[in-house]
Amino acid sequence: MRKIEVCCSSLDEARAAEAGGATRIELCAAIGCGGVTPSYGVVRSIVQANLKLDVNVLIRVREGGFCYSASEVDAMCRDIEFCRSAGVHGVVIGALTAEGD
């Protein structure tokens with residue numbers, strides 16, 4: 001079976017992705033700057049819509065690089081905890097060490 005993932009930033013976009021044949025979405029905000037974690041309200045609205053899609057949420061506290069401070073990692077861990085409690089399928093994370101690994 002073919003799997004299609006679509007980046008979405010709203011319930012309307014998620015519904016359109018589902019109607020277009022997507023099997024999962026990567027939910028994020030501010031797609032134009034590379035994406036950041038969407039709001040609590042957007043995550044909840046999509047989960048509660050009971051779409052037939054896997055919902056994966058981008059975990060990224062800010063635009064820019066992928067080297068995070070300890071406080072940013074703590075905030076990202078809290079976002080992951082929320083996503084787990086909200087019932088999303090998974091999370092998406094990009095991170096690098098200071099050496100670029």
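Which residue in S2 is the bridge partner of Cys-7? In S2, that partner is Glu-26. The model behind this result is a predicted one, in which local features need pLDDT of at least 70, side-chain atom pairs count only at pLDDT 80 or more, and totals for chains, interfaces and linings use all residues. Residues are numbered from 1 along each chain as its sequence is written, and side-chain values use heavy atoms, with hydrogens and water left out.

Start with the strands. Helices (H or I, at least four residues) and strands (E, at least two) are DSSP runs, numbered from the N terminus. Two strands count as paired if DSSP finds at least two bridges between them. S1 and S2 pair in the parallel sense, over four bridges. To get from S1 to S2, the chain passes through helix H1 (residues 11-19), and this β-α-β crossover is right-handed.

Now back to Glu-26, which sits in strand S2 (residues 24-27). Its bridge partner in S3 is Asn-56. Leaving aside residues up to four places away in sequence, Glu-26 touches Glu-5, Val-6, Cys-7, Cys-8, Asn-56, Leu-58 and Val-92, where a contact means heavy atoms within 4.5 Å. Is Glu-26 buried or exposed? Glu-26 counts as buried because its relative accessibility is 15%; the cut-offs are under 20% for buried, over 50% for exposed and in between for partly exposed (1.4 Å probe, protein chains only).

Next come the charged pairs. Side chains of opposite charge can pair when their charged atoms come close. Here a salt bridge is a side-chain nitrogen of Lys or Arg within 4 Å of a carboxyl oxygen of Asp or Glu, and the structure holds three of them. One joins the side chains of Arg-24 and Glu-5 (3.1 Å, N to O). Arg-24 lies in strand S2 and Glu-5 in strand S1 (residues 5-8), so this pair ties together parts that are 19 residues apart in sequence. Arg-24 is partly exposed at 32%, and Glu-5 is partly exposed at 38%.

Another salt bridge links the side chains of Glu-72 and Arg-62 (2.6 Å, N to O). Glu-72 lies in helix H3 (residues 70-86) and Arg-62 in the loop between strand S3 (54-58) and H3, so parts ten residues apart in sequence are tied together. Glu-72 is buried at 18%, while Arg-62 is partly exposed at 24%. There is also a salt bridge between the side chains of Asp-74 and Arg-78 (3.0 Å, N to O). Both of these residues lie in helix H3, four residues apart, which is about one turn of the helix. Asp-74 is partly exposed at 38%, whereas Arg-78 is exposed at 54%.

Finally, the rings. The structure holds one aromatic pair: Tyr-40 and Phe-82, 4.9 Å centre to centre, tilted with 35 degrees between the planes. Rings of Phe, Tyr and Trp (its six-membered ring) pair if their centres lie within 6.5 Å; planes under 30 degrees apart count as stacked, over 60 as edge-to-face and the rest as tilted. Tyr-40 lies in helix H2 and Phe-82 in helix H3, so the pair ties together parts 42 residues apart in sequence. Tyr-40 is exposed at 53%, but Phe-82 is buried at 19%.

How values were computed
Right-handed = clockwise from strand over helix to strand, strands pointing away.
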